[in-house]
Amino acid sequence: MILLLDIDGVLETSPSWKKPEFLEDNFYKFNANAQKNLIEIIEKINPEIILTTTHRVNYHLMQWNKIFELRGIHVSKLSKINDAKKAIDIKNRNIEIEEWFSTHKTTDFLILDDDKSLHELSDHLKSRWIQIDPMFGITESIKNQILERIKNLQSMPTKTTTI
């Protein structure tokens, strides 16, 4: 199972008018409940995490592993949605996900994101999106929804899909 994971609004939920807290690695402190719920998801399904966050360009994968480890999130396989190196190279999230899917053609993924541009995804991809409320992140209810969707996906025969 692959989780396409955003950070802002999914794990870091500080309101825009409030200065976020940082940990000693100078990256955001995650919402405690969102962090706990992501840890529970990872412990149950051991997913591959693909970072879609715009922050991905600021840190290499070894740094991302340390960011997650410091927060008690143990990811066995971590990558980035593409090889954009600067913020200016980042396209709209929906376009990046469409491009990723056109290359990978897997049905074994979910998108965890609060980005409203994902409403523009194709219906097939939009059906893989769990829309996160940016004020709360991954809540208990969202965690249960994710686990239920994964259970349903895993009970389906594995196949590749073309659009």
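Predicted model: local features only at pLDDT ≥ 70, side-chain atom pairs only at ≥ 80, totals over all residues.
**Reading loops, helix packing and salt bridges**

Biologist: Is Asn-26 buried or exposed?

Modeller: Asn-26 has a relative accessible area of 57%, so it counts as exposed.

Biologist: Which asparagine in the loop between H1 and strand E2 can I look at next?

Modeller: Go to Asn-46, which sits in the loop between H1 and strand E2 (48–51). Asn-46 is not a glycine either, and its phi is positive at about 45 degrees. With a relative accessible area of 47%, Asn-46 is partly exposed.

Biologist: Now to the helices. How do the axes of H1 and H5 cross?

Modeller: For a pair of helices, look at the distance between the axes and then at the angle. Helix H1 covers residues 32–45 and helix H5 residues 140–155; their axes come within 9 Å and cross at roughly 20 degrees. Angles under 35 degrees count as roughly parallel, and H1 and H5 are therefore roughly parallel to each other. The crossing of H1 past H5 is right-handed.

Biologist: Which residues of H1 and H5 make the contact?

Modeller: From H1 come Lys-36, Asn-37, Glu-40, Ile-41, Lys-44 and Ile-45, and from H5 come Glu-140, Lys-143, Ile-146, Leu-147 and Ile-150. Sorted by type, the residues in this contact of H1 with H5 are 5 nonpolar, 1 polar and 5 charged.

Biologist: Charged residues bring me to salt bridges. How many salt bridges are there by this rule?

Modeller: The idea first: side chains of opposite charge can pair when their charged atoms come close. With a cut-off of 4 Å between a side-chain nitrogen of Lys or Arg and a carboxyl oxygen of Asp or Glu, the count here is 11 salt bridges. One of them joins the side chains of Arg-71 and Asp-25, at 2.7 Å from N to O.

Biologist: Are Arg-71 and Asp-25 buried or partly exposed?

Modeller: Arg-71 is buried, at 4% relative accessibility, whereas Asp-25 is partly exposed at 26%.

Biologist: Which residue does Arg-93 meet in a salt bridge?

Modeller: The side chain of Arg-93 meets that of Asp-113, with 2.6 Å from N to O. Arg-93 belongs to helix H3 (residues 93–104) and Asp-113 to strand E4 (residues 109–113), so to speak distant parts of the chain, 20 residues apart. Relative accessibility is 8% for Arg-93, which counts as buried, and 0% for Asp-113, which counts as buried too.

Biologist: What about Lys-91 and Glu-99: at what N to O distance do they meet?

Modeller: Their side chains form a salt bridge at 2.8 Å, N to O. Lys-91 is partly exposed, with 42% relative accessibility, and Glu-99 is partly exposed at 34%.

Note on methods: Residues numbered from 1 in each chain as written. Heavy atoms only, no water. Axes fitted to C-alpha atoms, helices over the stretch in contact; angles between N-to-C directions. Helix = DSSP H or I, 4+ residues; strand = E, 2+ residues; numbered from the N terminus. Parallel < 35°, antiparallel > 145°, perpendicular 65-115°, else oblique. Left-handed = near helix turned anticlockwise from the far one by under 90°. Contact = heavy atoms within 4.5 Å. Nonpolar A, V, L, I, M, F, W, Y, C, P; charged D, E, K, R; others polar. Buried < 20%, exposed > 50% of the residue type's maximum accessible area, 1.4 Å probe, protein only.
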